Amino acid sequence: MINCLIKVYEESMLTELMDLFYETVHTVCTGDYNEDQLERWAPKQADLVSWKQRLANNLCKVAFINDVLVGFAELTRDGHVDTMYVHKDFQHRGIAGALLNELQHIAVENKFRTLTTEASITAKPFFEKYGFEITRVKTKLYNGKEFINYEMKKQTI
């Protein structure tokens with residue numbers, strides 16, 4: 001387990017965050033999704049306006065190791081873990097767990113009874129490891145392409 005510093009997202013981090021998102025999806029998720037799905041999920045040219053807006057509306061926490069952005073996660077105002085990505089070169093080092101623990105603390109402080117997420121095929125085992133249970137398996141249309149994902153939840157209180 002590696003120590004990381006977790007900070008609140010700032011707009012100046014957006015470009016680096018988008019690079020991490022693209023590289024992670026196109027590296028880590030290749031065993032579960034085809035090239036067309038990966039490109040629809042994380043296009044090379046991200047919609048920065050849309051991302052700016054969503055990150056402004058959600059609570060986004062960002063993990064750093066030695067001033068290198070290594071992960072990020074978002075929590076919506078109703079306790080939904082909206083995104084969680086860890087840099088492709090920093091997988092399996094406890095960074096996602098540290099980010100999730102941070103979001104869980106915030107959820108408890110805000111008296112959210114449950115945390116929810118829509119996990120990808122790739123992320124499902126991680127969320128299960130941290131006590132999330134599948135409530136529904138579904139096919140979701142995203143950017144014109146179908147994806148299988150898992151609605152999951154975890155009690156916080």
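Ten salt bridges turn up in a search of the whole structure, which is a predicted model.

Start with Glu11 and Lys52, whose side chains meet in a salt bridge at 3.6 Å, N to O. This pair links distant parts of the chain, 41 residues apart. Glu11 sits in the loop between strand E1 (5–8) and helix H1 (14–28), while Lys52 belongs to helix H3 (residues 48–57). Glu11 is exposed, with a relative accessible area of 52%. Lys52 is partly exposed at 38%.

Helix H3 also holds Arg54. Arg54 forms a salt bridge with Asp82, with the closest N and O atoms 3.0 Å apart. Asp82 is in strand E4 (residues 80–86), 28 residues away from Arg54. Both partners are partly exposed: Arg54 at 24%, Asp82 at 31%.

Glu74 touches Arg54 and Asp82, among other residues. Glu74 is found in strand E3 (residues 68–75). Its relative accessibility is 0%, so Glu74 counts as buried. The side chain of Glu74 makes a polar contact with the side chain of Thr83, at 2.7 Å.

Now turn to strands E6 and E7. The side chains of Glu151 and Lys138 meet in a salt bridge at 3.2 Å, N to O. Glu151 lies in strand E7 (residues 145–155) and Lys138 in strand E6, so the pair ties together parts 13 residues apart in sequence. Lys138 counts as buried, at 16% relative accessibility. Salt bridges with shared partners join Glu118, Arg136, Lys138 and Glu151 into one network.

Strand E6 (residues 133–142) also contains Val137. Val137 is exposed at 52%. With Ile134 and Ile148, Val137 forms a nonpolar surface patch of about 240 Å² accessible area together.

Notes. Residues are numbered from 1 along each chain as its sequence is written. This is a predicted model: local features need pLDDT of at least 70, side-chain atom pairs count only at pLDDT 80 or more; totals for chains, interfaces and linings use all residues. Side-chain values use heavy atoms; hydrogens and water are left out. Helices (H or I, at least four residues) and strands (E, at least two) are DSSP runs, numbered from the N terminus. Buried means under 20% relative accessible area, exposed over 50%, partly exposed in between (1.4 Å probe, protein chains only). A polar contact is a pair of N or O atoms within 3.5 Å; within protein, one must be able to donate a hydrogen and the other to accept it, and residues adjacent in sequence count only if both atoms are side-chain atoms. Contact means heavy atoms within 4.5 Å. Patches are made of residues with over 30% relative accessible area and no salt bridge: like charges are joined within 9 Å, nonpolar side chains (Val, Leu, Ile, Met, Phe, Trp, Tyr) within 5 Å. Accessible areas come from the Shrake-Rupley method with a 1.4 Å probe; for residues, only the protein chains shown count as cover. A salt bridge is a side-chain nitrogen of Lys or Arg within 4 Å of a carboxyl oxygen of Asp or Glu. Lists of a residue's contacts leave out its neighbours within four places in sequence.
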